[in-house]
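Terms are given their cut-offs where they first come up.

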Amino acid sequence: MINLLRHTLPVVSLFLVSLIGWAQSVKPKVYIDPRGTRYTPQQFDSIQTANRGKPIAQMNVIHKEHETQIIFEVLADNPIDQFKAKWIGKQLPTFSLKDIQGNVYSNTSLKGKLIVINFWSTTCGPCIEEMPLLSDLMAKYTGKNIVFIAPAPESAVRIQKLLSKRRFTYTVLPQAQGLISALAVEGYPSHFVISSTGVIEDIYTGLSSNSQTNKAMLDNRLIAAIDKVLESN
């Protein structure tokens, strides 16, 4: 028994030390608004409920010795709505980009065609996750007067390395930072539907998911927007 305890006590002590360390590492969270007012997590939940429909931005996270401070701000307007309002109804900025094979795609070469644009990046997990869904979307419109392009900021070499392991049938346009900057696209993925006259008809951002299975799914609004523009062209 003495020998057993001699070997067991260090293990128990190590477990207790680990447990105490874990307990110390779990710091209480406090939410702080721009005026410096502090809120408990329960109070912050009430703020979210009271401002349902308004975006709440997490401005900063500060790790103090005894607490984690989350600086937040309730925004008056949704940035995505502001972005859409700025561009929908406007002409797509002038661009000229080459695909991985060196073919040129520009406003001029695509004139008269409906254009569906997927702005993405090799560092964007949701972008990669939706690639098979977008490939299926493209197949749905085979034979239609429509072009699917996917501008990305990275080089052709980096993109090819990723696409060698993925199925993605959009025409990928590397080094597209110029067009991305012209539109001030800040988040990926972002989907634009462009009419045959070059007008931005609709914009959708982010990746949709099934609320029950949590699996990625196409945004039905994107499909509806494509169908609507096709019918009007």
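Ser-135 is found in helix H5, which spans residues 131-140; helices here are DSSP runs of H or I with at least four residues, strands are runs of E with at least two, and both are numbered from the N terminus. This is a predicted model, in which local features need pLDDT of at least 70 and side-chain atom pairs count only at pLDDT 80 or more, while totals for chains, interfaces and linings use all residues. Residues are numbered from 1 along each chain as its sequence is written, and side-chain values use heavy atoms, with hydrogens and water left out.

Ser-135 has a relative accessibility of 3% and counts as buried. The classes are buried for under 20% relative accessible area, exposed for over 50%, and partly exposed in between, with a 1.4 Å probe and protein chains only. Not counting residues up to four places away in sequence, Ser-135 touches Arg-167, Phe-168 and Thr-169, where contact means heavy atoms within 4.5 Å. Phe-148 is 13 residues from Ser-135 in sequence, and their C-alpha atoms are 9.5 Å apart in space.

At the level of the whole chain, there are eight helices and 13 strands. Of the 233 residues in the protein chain, 37% are buried. Among contacts between residues at least 6 apart in sequence, 63% join residues at least 24 apart. The accessible surface of the chain comes to about 14,300 Å², and carbon and sulfur atoms account for 54% of that surface. These areas come from the Shrake-Rupley method with a 1.4 Å probe; for residues, only the protein chains shown count as cover.

Next comes the sheet. Four strands form an open sheet with mixed pairing, in the order S2-S1-S4-S3. Its edge strands are S2 (38-39) and S3 (56-63), each of which pairs on one side only. Two strands are taken to pair if DSSP finds at least two bridges between them. Strands of a sheet pair through backbone hydrogen bonds, either parallel or antiparallel. S1 (residues 29-32) and S4 (residues 68-74) pair in the parallel sense over four bridges, with Val-30 opposite Gln-69 in S4. S3 and S4, by contrast, pair in the antiparallel sense over seven bridges. His-63 has Thr-68 in S4 as its bridge partner, and a hairpin of four residues joins S3 to S4.

Several loops hold backbone features worth checking. Most residues other than glycine have a negative phi, and most peptide bonds are trans. Gln-175 is not a glycine, yet its phi is positive, at about 50°. It sits in the loop between strand S9 (171-173) and H7, and Gln-175 is exposed, with a relative accessible area of 58%. Ala-184 also has a positive phi, near 55°; this residue lies in the loop between H7 and S10 and is partly exposed at 33%. Pro-189 is placed in the loop between helix H7 (177-183) and strand S10 (190-194), and a cis peptide bond with omega of about -10° joins Tyr-188 to Pro-189.

Asp-219 belongs to the loop between strand S13 (216-217) and helix H8 (220-232). With a relative accessible area of 16%, Asp-219 is buried. Leaving aside neighbours within four places in sequence, Asp-219 is in contact with Tyr-204 and Ser-208.

The pockets come last. The search uses a 1 Å grid over the protein atoms alone: a cavity is a set of points where a 1.4 Å probe fits but cannot get out, a pocket is an open set with protein on both sides within 12 Å along at least five of seven lines, and lining residues have an atom within 4 Å of a point. The largest pocket has a volume of about 270 Å³. Its lining includes Ala-184, Val-185, Glu-186, Gly-187 and Ser-190, as well as Phe-83 and Thr-205. Helix H3 (residues 79-87) gives the most to this lining, with five residues. The second largest pocket has a volume of about 170 Å³, where a volume is the space filled by probe spheres set on grid points joined across faces, edges and corners. It is lined by 15 residues, with Gln-91, Asn-107, Lys-111, Thr-197 and Gly-198 nearest its centre.
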